[in-house]
Amino acid sequence: MSAAPDPAEIFDRAAAEGSRRLDQPLLELVATSFIAGFTIVFGMAALGIVHMAVAPQFGELARVAGALAFGVGVVLLIGGRAELFSENFFDPVAAAVEREGTWLLGSLARLWTLTFVFNLVGGALFVFVLSVEGALPPGSGEALSSTAEELAHRGNLGMFADAIAGGALVALLSHLLVAVDGAGSRLGVAYVVGFLLALGPFDHVIVTVLHVLFGMRFGAEIGLGTLAAVTLVSTAGNLVGGLGLVTVSHVAQATGAREDE
């Protein structure tokens with residue numbers, strides 16, 4: 001069994017992966033982000049189907065069952081090498097720290113902006129496809145709608161706190177993916193993070209916005225103003241949790257480990 005990599009080695013791996021992400025041609029980045037958007041919708045559909053099937057007999061355990069189903073969507077995302085907003089925080093920042101004389105702010109802004117936009121575009125298109133009458137089993141829409149109303153009608157402070165946790169969790173996924181070896185380990189880590197994200201539920205702006213949009217398509221009482229507020233609050237929380245908490249602390253950890261060498 002190989003030894004676990006130390007923080008400095010993890011950081012080096014992250015910087016190499018971050019450089020690859022920052023240097024993607026425009027078409028590759030747009031396509032990768034678009035794919036991630038519609039891929040994660042499979043997880044939401046699975047959550048709705050399983051929740052609908054389990055709730056009548058097992059009540060609140062349906063939330064756990066739905067979260068277990070949602071994890072499959074994150075596995076598909078990672079296995080397919082797609083790129084989800086805030087999952088691409090740690091690696092590119094590591095690459096920027098490694099580049100002397102520049103923080104690559106333009107490249108980081110390009111990566112994160114295009115990822116955010118095309119995650120939503122790809123996901124929204126697939127939400128519209130799967131919300132066509134008959135596309136999902138009967139009752140799935142009601143399950144997705146009730147969850148969407150839960151997500152949308154919380155107070156902003158609670159939503160912001162959940163988004164900090166969600167941003168931290170998804171950014172932590174990026175760190176863990178370069179810390180493990182082998183496809184099986186990567187997919188296992190992805191599944192666990194997906195399960196925890198849905199179990200909270202902890203807000204990831206792409207997942208939450210698409211879930212709310214799903215609910216709106218199935219008749220949830222959610223207005224466009226509420227959707228906009230969800231987007232803004234979730235994005236802010238993800239930035240605090242993903243960049244301010246996980247990414248900065250792991251950069252500090254790696255810097256300290258190098259100083260000890």
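**Helix packing, ring pairs and salt bridges**

On the α4 side, the contact (heavy atoms within 4.5 Å) is made by Pro92, Val93 and Ala96. On the α5 side, Leu108, Leu111 and Trp112 take part. The contact of α4 with α5 has six nonpolar residues, no polar ones and no charged ones. Here Ala, Val, Leu, Ile, Met, Phe, Trp, Tyr, Cys and Pro count as nonpolar, Asp, Glu, Lys and Arg as charged, and the others, Gly among them, as polar. Helices (H or I, at least four residues) and strands (E, at least two) are DSSP runs, numbered from the N terminus.

The model is predicted: local features need pLDDT of at least 70, side-chain atom pairs count only at pLDDT 80 or more, and totals for chains, interfaces and linings use all residues. Residues are numbered from 1 along each chain as its sequence is written, and side-chain values use heavy atoms, with hydrogens and water left out.

Aromatic contacts come next. Eight aromatic pairs are found in a search of the whole structure. Rings of Phe, Tyr and Trp (its six-membered ring) pair if their centres lie within 6.5 Å; planes under 30 degrees apart are stacked, over 60 edge-to-face, the rest tilted. Phe38 and Phe126 form a tilted pair, because their planes stand at 45°, with ring centres 5.8 Å apart. This pair links distant parts of the chain. Phe38 belongs to helix α2 (residues 26–58) and Phe126 to helix α5 (residues 105–130), 88 residues apart. Phe38 is partly exposed, at 25% relative accessibility. (Buried means under 20% relative accessible area, exposed over 50%, partly exposed in between; 1.4 Å probe, protein chains only.)

A second pair joins Phe89 and Trp112. Their ring centres are 5.0 Å apart and their planes are at 70°, so the pair is edge-to-face. This pair also links distant parts of the chain. Phe89 sits in the loop between α3 (61–79) and α4 (90–98), whereas Trp112 is in helix α5, 23 residues away. Phe89 is buried, with a relative accessible area of 0%. Trp112 is buried as well, at 15%. Trp112 also takes part in the contact of α4 with α5. Elsewhere, ring pairs link Phe34, Phe38, Phe42 and Phe126 into a cluster.

Charged pairs follow. The whole structure holds 12 salt bridges (a side-chain nitrogen of Lys or Arg within 4 Å of a carboxyl oxygen of Asp or Glu). One of them joins the side chains of Glu83 and Arg21, at 3.9 Å from N to O. Glu83 lies in the loop between α3 and α4, and Arg21 in helix α1 (residues 7–22). The two are 62 residues apart, and the pair links distant parts of the chain. Both Glu83 and Arg21 are buried.

Asp23 forms a salt bridge with Arg99, with the closest N and O atoms 3.7 Å apart. This bridge runs between two loops: Asp23 is in that between α1 and α2, Arg99 in that between α4 and α5. Asp23 is exposed, at 53% relative accessible area. Arg99 is partly exposed, at 32%.

Glu150 bridges to Arg63, with the closest N and O atoms 3.0 Å apart. Glu150 belongs to helix α6 (residues 140–152), Arg63 to helix α3, 87 residues apart. Glu150 is partly exposed, with a relative accessible area of 44%. Arg63 is partly exposed too, at 31%. Salt bridges with shared partners join Glu17, Arg20, Arg21, Glu28, Arg81, Glu83 and Glu87 into one network.

Some backbone details remain. Arg81, a member of that network, has a positive phi of about 60° although it is not a glycine. Arg81 lies in the loop between α3 and α4 and is partly exposed, at 45% relative accessibility. Ser86 is found in the loop between α3 and α4. Ser86 has a positive phi of about 75°, again without being a glycine. Ser86 is buried, with a relative accessible area of 0%. The peptide bond from Gly200 to Pro201 is cis, with omega near -15°. Pro201 lies in the loop between α8 (183–199) and α9 (205–217).
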